[in-house]
Amino acid sequence: MGQRGEAALGCLAPVVGAALGAGVWWRLAQGRVRRFEAAADPWVLVELPVCLLGGVVVGVFGWAAARAVVRRRRGARDGYGG
């Protein structure tokens, strides 16, 4: 994979992570969002940015780990060690 592909995946990783974080938040807060209108539950609103940020962090670290593994294997294959 070239530099463009690697850069595209690097940009896509946080977006996918944020989407997964939003999905996790939606699953966790599914019943509480409807009850928010009746009785204020501020944790529903606090959990959303936490899940989004967590998803972005997981996406970026996952991409970095996968990139390191690929580079290490590529270096070992080329005889550079790792």
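**Reading burial, helices and contacts**

Student: What does Arg-67 count as at 31% relative accessibility?

Tutor: Arg-67 counts as partly exposed, because its value is 31%. The cut-offs are these: buried is under 20% relative accessible area, exposed is over 50%, and partly exposed is in between (1.4 Å probe, protein chains only). Note the source: this is a predicted model, where local features need pLDDT of at least 70 and side-chain atom pairs count only at pLDDT 80 or more, while totals for chains, interfaces and linings use all residues. Residues are numbered from 1 along each chain as its sequence is written, and side-chain values use heavy atoms, with hydrogens and water left out.

Student: Which residue forms a salt bridge with Arg-67?

Tutor: Start with the idea. Side chains of opposite charge can pair when their charged atoms come close. The test for a salt bridge is a side-chain nitrogen of Lys or Arg within 4 Å of a carboxyl oxygen of Asp or Glu. Here the partner is Glu-6, with the closest N and O atoms 2.5 Å apart. Glu-6 sits in helix H1 and Arg-67 in helix H3 (residues 42-78), so to speak distant parts of the chain, 61 residues apart. Helices are DSSP runs (H or I, at least four residues), numbered from the N terminus.

Student: How many salt bridges does the whole structure hold?

Tutor: Two. In the other, Arg-71 pairs with Glu-6, and the closest N and O atoms are 2.9 Å apart. Arg-71 lies in helix H3, 65 residues from Glu-6 in helix H1. Shared partners join Glu-6, Arg-67 and Arg-71 into one network. Glu-6 is buried, at 18%. Arg-71 is partly exposed, at 44%.

Student: Which residues of H1 are buried?

Tutor: An α-helix has 3.6 residues a turn, so residues three or four places apart point the same way. In H1 the buried residues are Glu-6, Gly-10, Ala-13, Gly-17, Gly-21 and Trp-25.

Student: How far apart are the end C-alpha atoms of H1?

Tutor: They are 38 Å apart. The expected span is 1.5 Å times one less than the number of residues. H1 has 26 residues (3-28) and should span 38 Å, so the two agree.

Student: How many aromatic pairs does a search find?

Tutor: One, in the whole structure. Trp-25 and Trp-26 have ring centres 6.1 Å apart and planes at 50°, so the pair is tilted. The rule covers rings of Phe, Tyr and Trp (its six-membered ring): centres within 6.5 Å, planes under 30 degrees for stacked, over 60 for edge-to-face, the rest tilted. Trp-25 is buried at 12%, whereas Trp-26 is partly exposed at 43%.

Note on methods
Helix = DSSP H or I, 4+ residues; strand = E, 2+ residues; numbered from the N terminus.
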